[in-house]
Amino acid sequence: MDDLLLTLKTTFGYGAFRPLQREIIEASLANRDVFALLPTGGGKSLCFQLPALHRTGLTVVVSPLIALMKDQVDQLQAAGVAATFLNSSLSTGEAKSRLRGLHQGEWRLLYVAPERLMLDEWRDNLTSWNVTALAIDEAHCVSEWGHDFRPEYRQLAKLRALLPDVPVMALTATATERVRADIITHLQLRQPDVFVASFNRPNLTYRVLPKDQPLKQIIEFVRKREDESGIVYCATRATTERVAEALAGRGFSARAYHAGLDAEERSRNQELFLRDECRIICATIAFGMGINKPNVRWVIHHDLPKNIEGYYQETGRAGRDSLPSDCLLLFSGGDAAKQTHFIDEMTDEHEKSVARNQLRVMMHYAESSGCRRTELLAYFGERFPVNECGACDNCLEPRETYDGTVVAQKFLSCIYRIRQTGRFGVGMNHLIEVLTGAETEKVERWGHHRLSTYGIGKELARPAWAAVGRELMRLGYVAQAEGEFPILELTAEGMNLLRTREKITLTKPLSLPKAKRVTRREGEIECDEILFAHLRNLRKKLADERGVPAYVVFGDATLRQLAREYPTRIGELEGITGIGEKKRAEFGATFTAAIAEFLETNPRLKFA
């Protein structure tokens with residue numbers, strides 16, 4: 001067994017390297033600059049952790065999040081590696097102690113945020129600590145074309161002048177070719193060895209559903225996976241709180257995670273999730289970056305992500321142990337409209353253009369009828385070798401199609417007529433107003449009410465026309481200009497289709513599953529009626545002691561489910577409607593003991 005494999009086995013407990021890990025490690029140990037793109041769960045961290053144990057001196061790891069640093073340092077220390085971090089979470093005394101250790105050469109790896117690394121007083125530290133390698137994790141943060149641009153990452157290039165002989169490794173789990181080039185340029189990597197692994201995560205199943213009463217959709221999804229860990233990503237702090245409360249109110253172990261919580265509560269919720277004491281985290285997008293929890297079985301996006309890269313990275317937090325896992329996106333045109341509004345309020349035109357383009361691509365993905373895996377990989381410049389992946393909604397349950405020749409001709413004709421009669425094009429909203437015969441000030445002012453295409457599309461609602469327009473864009477018949485005015489133009493293919501009137505097949509919009517959804521009603525829960533009466537008496541006693549109405553303790557639906565499931569241990573209360581963590585802590589032991597006592601003299605009934 002060679003030295004690298006021996007370290008892998010004895011320190012990290014793995015019997016073999018994952019794809020590209022050995023090659024990356026060997027390039028780093030040869031003191032070459034490295035750019036490494038490995039998917040989430042692909043073993044990025046090991047690529048700089050293992051070499052640190054095979055070279056003298058200190059490896060400095062640039063990391064953007066406190067949680068990420070703590071998670072990795074905890075794992076390294078548990079494996080016996082001398083690793084530490086410095087960030088704002090430490091007391092003054094602890095920070096000084098760690099700095100002393102760095103000056104005395106006690107540590108092999110130091111995790112630090114880019115802001116702290118670039119402070120003036122750190123220049124002397126870095127030159128005196130015998131730094132022999134620099135690893136920049138989440139390197140996509142350096143690029144304004146990436147999904148998580150952070151200006152402070154741009155400053156890291158100054159380290160080249162400060163540490164001219166130190167090899168640099170840049171690592172990311174998500175980057176288009178444009179972002180890759182940006183990273184190499186801005187970090188001043190010197191003829192780097194470039195390693196790009198496949199973006200395919202074969203164990204993930206991707207699904208998109210139209211958003212319709214999202215809380216009910218999420219609860220229905222989670223109810224089928226009660227023993228599994230998952231993440232619900234939400235666009236706002238308020239939504240994370242609302243979803244977490246709704247889940248907890250139905251007996252699921254769920255917590256919120258967002259920047260508005262105090263650091264202690266945020267850290268506690270994360271720790272509970274990492275230790276499987278909390279099954280579900282409802283979080284804003286910052287949660288989970290680099291968190292190495294292998295058994296996340298599902299990820300739900302309550303809201304439309306801003307871009308494909310963010311979506312890919314967030315879904316990538318499911319199934320890091322390579323076991324089958326599910327990714328569900330709830331899509332709403334309203335979410336896209338909200339994001340468009342926020343984009344319109346941006347002051348920087350370049351940022352606005354980037355954001356518009358990213359959102360457009362995200363919407364194309366959400367509404368596409370093609371294989372979702374193929375579309376995701378194509379975005380990152382990778383070709384999926386087969387036509388169907390067999391693990392996305394569009395491959396498992398292909399959407400219905402229809403003859404879209406007439407609606408396509410109307411849409412394309414309207415673009416053509418507007419362009420023909422004026423010196424400028426228009427955007428999607430105005431075009432649809434012309435198609436549907438809207439009487440707006442702009443339609444009148446520009447004379448578009450006199451066009452032959454005015455009002456020819458009254459048979460479809462505005463959202464339906466928007467879906468037609470977006471599909472025609474996806475199919476390459478219509479192009480949308482980038483920049484401040486996203487006007488629609490016919491492509492050469494679109495002009496040809498307009499002239500030839502060839503038949504075109506379009507896909508019906510996303511729809512809810514046809515199967516009738518069953519909603520649980522209080523009176524429909526079949527249960528042991530004798531036990532139910534017994535528990536109702538107990539509930540009244542507890543409520544009277546607290547001076548509250550009985551339903552404040554538990555609702556009837558909760559009692560009926562208890563009288564059906566017969567839980568006799570607190571752990572068995574998981575999944576019972578209406579029992580959140582607080583109520584489980586306060587009443588769980590009392591109710592489970594009462595049920596156990598009841599079963600000593602009564603039989604356990606079976607229900608269908």
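First, some ground rules. This is a predicted model, where local features need pLDDT of at least 70, side-chain atom pairs count only at pLDDT 80 or more, and totals for chains, interfaces and linings use all residues. Residues are numbered from 1 along each chain as its sequence is written, and side-chain values use heavy atoms, leaving out hydrogens and water.

Helices (H or I, at least four residues) and strands (E, at least two) are DSSP runs, numbered from the N terminus. Two strands count as paired if DSSP finds at least two bridges between them.

| Seven strands, open, parallel | β3-β4-β2-β5-β6-β1-β7 | 15° |

Angles here run from 0 to 180 degrees between N-to-C directions, with axes being lines fitted to C-alpha atoms, for helices over the stretch in contact.

In the seven-stranded sheet, β3 (83-86) and β7 (193-196) are the edge strands, each pairing on one side only. Strand β3 runs parallel to β4 (residues 109-112), and four bridges join them; L86 sits opposite V112 in β4. Helix α10 (residues 177-186) packs on this sheet and touches β1 (34-37), β6 and β7, where contact means heavy atoms within 4.5 Å. The direction of α10 makes about 150° with that of β1.

Parallel strands β9 (residues 229-233) and β12 (residues 296-301) are joined by five bridges, and Y233 faces H301 in β12.

How many cavities of 30 Å³ or more does the structure hold? There are five. A cavity is a set of points on a 1 Å grid over the protein atoms alone where a 1.4 Å probe fits but cannot get out, and lining residues have an atom within 4 Å of a point. The volume is the space filled by probe spheres set on the points, which are joined across faces, edges and corners.

The largest cavity has a volume of about 60 Å³. Its lining includes S28, R32, F48 and M169, and β5 gives the largest share, three residues.

Conventions
On a 1 Å grid over the protein atoms alone, a cavity is a set of points where a 1.4 Å probe fits but cannot get out, and a pocket is an open set with protein on both sides within 12 Å along at least five of seven lines; lining residues have an atom within 4 Å of a point.
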